[in-house]
Amino acid sequence: MARDGLDFSEAKRPAAFRLCKVSGYMTELLEIRADDPKLHVLFIPGNPGIVAFYKDFVESLYEFLGGHASVTAIGHVSHTKKNWERGRLFSLEEQILHKVDFINQELENLEVPILLVGHSIGSYMAIDVFRRSSEKVTYCIGLYPFLAVNPQSRWQSIVGKIVESQVLSVALSCIAASLGSLPSSAYRLILTNSVGSSWSAAAVEAACSHLVQYQVVRNILFLTMTEFRKLAETPDWKFMREKREKIAFLFGVDDHWGPLQMHKEISKQVPGISLSIERAHPHTFSCTEDGSSCVAKHVARLIQNQVLHSGQ
């Protein structure tokens, strides 16, 4: 059967968790493999780069694509449940290279198109991966994209000062780790009665398993620091203009990471590029089942209209 032009027949499958070494670094993956895929979607998360936060999104995207595409979500190095890299910190550039290496290592022999989808800073990563792997990637979608530092955001100003301080970053990481010493039921109760009150079970579980790890929080803050330094630069408008027919963005409302001001700037700098606004769900869309489903449906429509139907 079909709904809203999307084929759902026998398309539901659970996402499988897998550990994979990419250039020597242990990497967490969530994936659903289609029996006869027409393309492969590689999803790059935001920061935190914990793929478990996107379980509902990955499963919804696979379903909305009717089982015609394999979907892989790749986590960031050292944003992992176990401290595989022994406390090493990884920058934005290193996380981008990690994704390029994954494509070269794991997707090199694919006979179907590779499509990138990124969320928040993952949108920036996806565009840069697209730039470095243009011969392998056919399309790129940025969701609630963090592409430049927002000088009008008071919250970003505060975060920027925190992450530039090693003392504060270490202190926050220690506080997070101390929460991990609480009984899991106590931490879960704190979470569900505060920031995670509306979160899905998958998002709560991801937070409980990862955000109480010292090395994860330390890497989140270090990545944020390198993001802010790099994104103080002007976006690569030249590359976006060259690939305007193969790039699309979805913005949210009242999102300081991907403000509508950036939506307007992209429209001005790259006329004709695909731009949309999602008004029902916040930047953290993947933390709720409804948000995951709504955004996945938008991405599926883009893929069907721009890639599958056009034969790219």
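The model is predicted: local features require pLDDT of at least 70 and side-chain atom pairs pLDDT 80 or more, while totals for chains, interfaces and linings use all residues. Residues are numbered from 1 along each chain as its sequence is written, and side-chain values rest on heavy atoms, with hydrogens and water left out.

**The sheet**

Begin by displaying the strands and helices, which are DSSP runs numbered from the N terminus (helices: H or I, at least four residues; strands: E, at least two). Eight strands form an open sheet in the order 3-4-6-5-7-8-9-10, and their pairing is mixed; two strands pair if DSSP finds at least two bridges between them. Select strand 3 (16–22) and strand 10 (274–278): these are the edges, and each has a single partner strand, so one side of each lacks a neighbour in the sheet. On average, neighbouring strands are turned by 20° against each other, direction ignored; the axes are lines fitted to C-alpha atoms, for helices over the stretch in contact, and angles run from 0 to 180 degrees between N-to-C directions.

Next, select strand 8 (residues 137–143) and strand 9 (residues 247–252), which run parallel and are joined by four bridges. Ile-141 has Ala-248 in strand 9 as its bridge partner. Continue to strand 10, which runs parallel to strand 9 and is joined to it by five bridges. Here Phe-249 has Leu-275 in strand 10 as its bridge partner. Between strands 9 and 10 the chain passes through helix 10 (residues 260–269), and this β-α-β crossover is right-handed (with the strands pointing away from the viewer, the path from the first strand over the helix to the second runs clockwise).

**Helix 8**

Select residues 214–230, the 17 residues of helix 8. From first C-alpha to last, helix 8 reaches 24 Å, close to the 24 Å expected at 1.5 Å a residue; the expected span is 1.5 Å times one less than the number of residues. Of its 17 residues, 13 are buried, so helix 8 is largely enclosed by the rest of the structure (buried means under 20% relative accessible area, exposed over 50%, partly exposed in between, with a 1.4 Å probe and protein chains only).

**Aromatic rings**

Now show the rings of Phe, Tyr and Trp (its six-membered ring), which pair if their centres lie within 6.5 Å; planes under 30 degrees apart count as stacked, over 60 as edge-to-face and the rest as tilted. The count comes to 11 aromatic pairs. Tyr-25 and Phe-90 have ring centres 5.1 Å apart and planes at 80°, so this pair is edge-to-face. Tyr-25 lies in strand 4 (residues 25–32) and Phe-90 in the loop between strand 6 (69–74) and helix 2 (92–106), 65 residues apart. Tyr-25 is partly exposed at 23% relative accessible area, whereas Phe-90 is buried at 2%.

Move to Tyr-144 and Phe-285, whose ring centres are 5.4 Å apart with planes at 15°, so the pair is stacked. Tyr-144 is buried, at 0%, and Phe-285 is also buried, at 0%.

**Backbone positions**

Keep Tyr-144 selected: its phi is positive, about 45°, although it is not a glycine. Then select Arg-86, in the loop between strand 6 and helix 2, where phi is near 55°; Arg-86 is exposed at 78% relative accessibility. Finish at Pro-48, in the loop between strand 5 (39–44) and helix 1 (55–64); the peptide bond from Asn-47 to Pro-48 is cis, with omega near 15°.
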